[in-house]
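Let's take a friendly walk around a ligand and a few annotated positions. The sequence and model come first, and then we can look at the surroundings together.

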Amino acid sequence: MPSKKRRKREERPTIHPKNKYSENPPDFALLASLYPSFEPFVFYSRDGRPRIDWTDFNATRELTRVLLLHDHGLNWWIPDGQLCPTVPNRSNYIHWIEDLLASDIIPKPHGDNYNVRGFDIGTGANCIYPLLGASLLGWSFVASDMTDVALEWAERNVKSNPHISNLIEIRKVRHCEESLPIQESSNDENVSSESKVDVREGGNETKASPSSSFDVPAAADKSYHGPPVLLDVVQDGETFDFCMCNPPFFENIEEAGLNPKTSCGGTPGEMVCPGGEKAFIARIIEDSIALKHSFRWYSSMVGRKVNLKFLISKLREVGATIVKTTEFVQGQTCRWGLAWSFLPPVKKIISSHVAERGVLSFMLEGIQRHFGAIDVLQSVDSFFCNSGASCKLNASSFTVDITASTDHCNSVLGNQIKNHNEVAGSSSSMQEASLNLTFRISVFQQMPGTLLVKGSLQQKDSPLSGLFSLIFRQLEDVLRSKFCREKT
Ligand SMILES: C[S@@+](CC[C@H](N)C(=O)[O-])C[C@H]1O[C@@H](n2cnc3c(N)ncnc32)[C@H](O)[C@@H]1O
């Protein structure tokens, strides 16, 4: 019988419990009846449910506008072409920061009722984090960006909300000489950031027309050499409770545009930076070493698990006293939150979902364009069904629940099973024969062309966990050779 604590962890909600939308997802029909400008974007599917077209930038922008107005009392707009945030997704990050600040992991310097001050790195035209943080929690912010369009519209969005405008300062990041030049984009292409599909809000990031972008040299090295990020933007003597960042995820426009059919969003200027998110967040880490206690918490969103692992080890190398991670899962979108501090911990907690017991995962990168998450899910289903295991595919949660006997596993593994007893170690094959492996395989869209496949054992301490790991690796090989352009 799993412990209470473990059960709680296994049932981790995909949306933060404090999130306004955790119990009540946006009601499109109600919003359409209240806001005539939203009404033309709502249609009804055969099952009678109100829907919007997530590939239509105007629809998603209007949804964000009415949600911010209806649920948060915020006036908001962005011009065509700018990254359009999904309100429930962005609220999750705000609430995670709220949890970190409320925790006693590091000392609270000013007691409980102090004014929280945050720094939003790359606030975008949408200025979403400061608007949500200020309106939901009364936090004040410095919000930085470097493109003229982002700075102009972030400022407008702040000024349109006089009740919180004194809480938010928009700060221009100035380019120093060695920075790469920012150029007006020469084409109208937009790039995709997050991919399908947030079941509650529907949740894609959206996009549209031209904007500015880095001029990234073809042979750019992997380190970030763009404009300053924290150092030289934070002023002498300034202190903050936290910084947060939704970084430019991609290294180049080609990577960002892997799947042009998904209208997920943002312009190259918002989504691309030299070295991609790995280099950008590594720069935040480097700046944090210099700025140390000027921030209680440093944090960033991370789009790729492989980058998360790299960044965690970098943080350990540089002596961060605390490293915390979380998963932001909504529908099919999966991202990570990474936070660290250099303050002495009250309780030393180093947590990461990366090495959670009974949970294995791998990334499928470079997926051929004509394949989607559903194809991968169906292959997972047939991979196990063909062995005779019992499989239950759920196309809305993108999961397959599997119960397999050791015979089924034997059939999956072919003659590899002979080696299994060495891997599983302790228990005898007689004992194992009477046991079943019960586990769930979930498929998450990370970004265009990239899926995360996760396997979670129902019984984390199963004596068959070694066997589970063998068949999971086998699954990885099969999916990679079927769906990926090349081995990644
Ligand atoms: C992915 S967008 C995030 C926008 C917004 N925070 C959101 O979550 O929708 C990244 C933003 O970072 C900005 N940016 C890129 N490099 C930056 C830097 N060195 N300093 C500040 N902002 C930067 C881009 O202009 C862009 O607006």
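How do the residues of the shell around the ligand divide into nonpolar, polar and charged? In this predicted model, the shell divides into 13 nonpolar, 10 polar and 2 charged residues.

In total, 25 residues surround the ligand, and the closest are Gly122, Gly124, Val173, Asn246 and Glu270. Two or more residues of the shell come from each of the elements α5 (128–137), β4 (140–145) and α9 (268–271). The largest share belongs to α9, with 3 residues.

Now to the record. An unreviewed UniProt entry carries the annotation "binding site" for Arg90, Gly122, Asp145 and Asn246.

| Residue | Location | Other C-beta atoms within 10 Å |
|---|---|---|
| Arg90 | helix α4 (residues 87–102) | 20 |
| Asn246 | loop between β8 (240–245) and α8 (253–256) | 28 |

Is Arg90 buried or exposed? Arg90 counts as buried because the cut-off is 20 or more other C-beta atoms within 10 Å, and Arg90 has 20. Asn246 is buried too, with 28 such atoms.

Which residues do these two touch, leaving aside those within four places in sequence? Arg90 is in contact with Pro85, Ile128, Tyr129 and Leu132. Asn246, for its part, touches Gly122 and Met301.

Note on methods: Residues are numbered from 1 along each chain as its sequence is written. This is a predicted model: local features need pLDDT of at least 70, side-chain atom pairs count only at pLDDT 80 or more; totals for chains, interfaces and linings use all residues. UniProt positions are given in the numbering used here, feature names are shortened, and annotations may be inferred rather than shown by experiment. Helices (H or I, at least four residues) and strands (E, at least two) are DSSP runs, numbered from the N terminus. A residue is buried if 20 or more other C-beta atoms lie within 10 Å of its own, exposed if 12 or fewer, and partly exposed in between; C-beta atoms are placed from the backbone. Two residues are in contact if their C-beta atoms, placed from the backbone, lie within 7 Å. A residue is near a molecule or strand if its C-beta atom, placed from the backbone, lies within 6 Å of it. Ala, Val, Leu, Ile, Met, Phe, Trp, Tyr, Cys and Pro count as nonpolar, Asp, Glu, Lys and Arg as charged, and the others, Gly among them, as polar.
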